[in-house]
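Me: Take a close look at one part of this model for me. I want the salt bridges, with their partners and surroundings.

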Amino acid sequence: MLIDKLRSTIRDIPDFPQPGIVFKDITPILKDPELCNAIVEEFASQLDGIAIDVVAGIESRGFLFGLMLASRLGLPFVPIRKQGKLPYQTIAEGYKLEYGQAIIEVHADAFEKGDKVLIHDDLLATGGTVVAASKLVERTGAQVAGFSFLISLDFLHAKSRLRRFSEDIITLINY
Ligand code: AMP
């Protein structure tokens, strides 16, 4: 079963990048092309019935399955990147990290007004990153159609922060 295979393939790295964090390393998944395709098929099946115009992936691990999923669905892909990486005119949104502040950006012309945007990332932790991404989407006049993540750290209770943007939150593995 896909979920069992994912559980056994994702590698836990204790105390990375700092003490107390158990980092969920998805790089072993990327070495298994059949597993990658099965993940994309599972996302596509769970997204069936949700209207989506664009898939937006969050730097950097959100690009991996975000682009595959967009391609599978026949939809455009938009990268949401860390500050200073996108070359054209951008809009930016800041958010708090445990220590300090982070800023993400999207190209100002990335979405059309009214576009229904699926926001994708590899992992949902506190939700700070995707809340900022959702605000970016809404500031362009587009709307959040839903969220997809390979992994959710449910013990951090981030899903409740996302529901004001969309009730459609797809997570393949929940810890
Ligand atoms: P957050 O904004 O707290 O939801 O953090 C989500 C972002 O941080 C995602 O882009 C994840 O890739 C990364 N991240 C946070 N915690 C972990 C973790 N335990 N293992 C792997 N990536 C993580």
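Reply: Arg81 is partly exposed, at 23% relative accessibility. Here buried means under 20% relative accessible area, exposed over 50%, and partly exposed in between (1.4 Å probe, protein chains only). The side chain of Arg81 forms a salt bridge with that of Glu59, 3.0 Å from N to O. The pair links distant parts of the chain, 22 residues apart. Glu59 sits in the loop between β3 (54-58) and α4 (62-73), and Arg81 in strand β4 (residues 77-82). Helices (H or I, at least four residues) and strands (E, at least two) are DSSP runs, numbered from the N terminus. Glu59 is buried, with a relative accessible area of 15%.

The model is predicted: local features need pLDDT of at least 70, side-chain atom pairs count only at pLDDT 80 or more, and totals for chains, interfaces and linings use all residues. Residues are numbered from 1 along each chain as its sequence is written, and side-chain values use heavy atoms, with hydrogens and water left out.

A search of the whole structure gives nine salt bridges. The term requires a side-chain nitrogen of Lys or Arg within 4 Å of a carboxyl oxygen of Asp or Glu.

Another of them joins Arg11 and Asp25, at 2.7 Å from N to O. This pair also links distant parts of the chain: Arg11 lies in strand β1 (residues 11-14) and Asp25 in strand β2 (residues 22-25), 14 residues apart. Arg11 is partly exposed at 43%. Asp25 is buried at 9%.

Glu167 and Arg163 also pair, at 4.0 Å from N to O. Glu167 is exposed, at 60%. Arg163 is partly exposed, at 39%.
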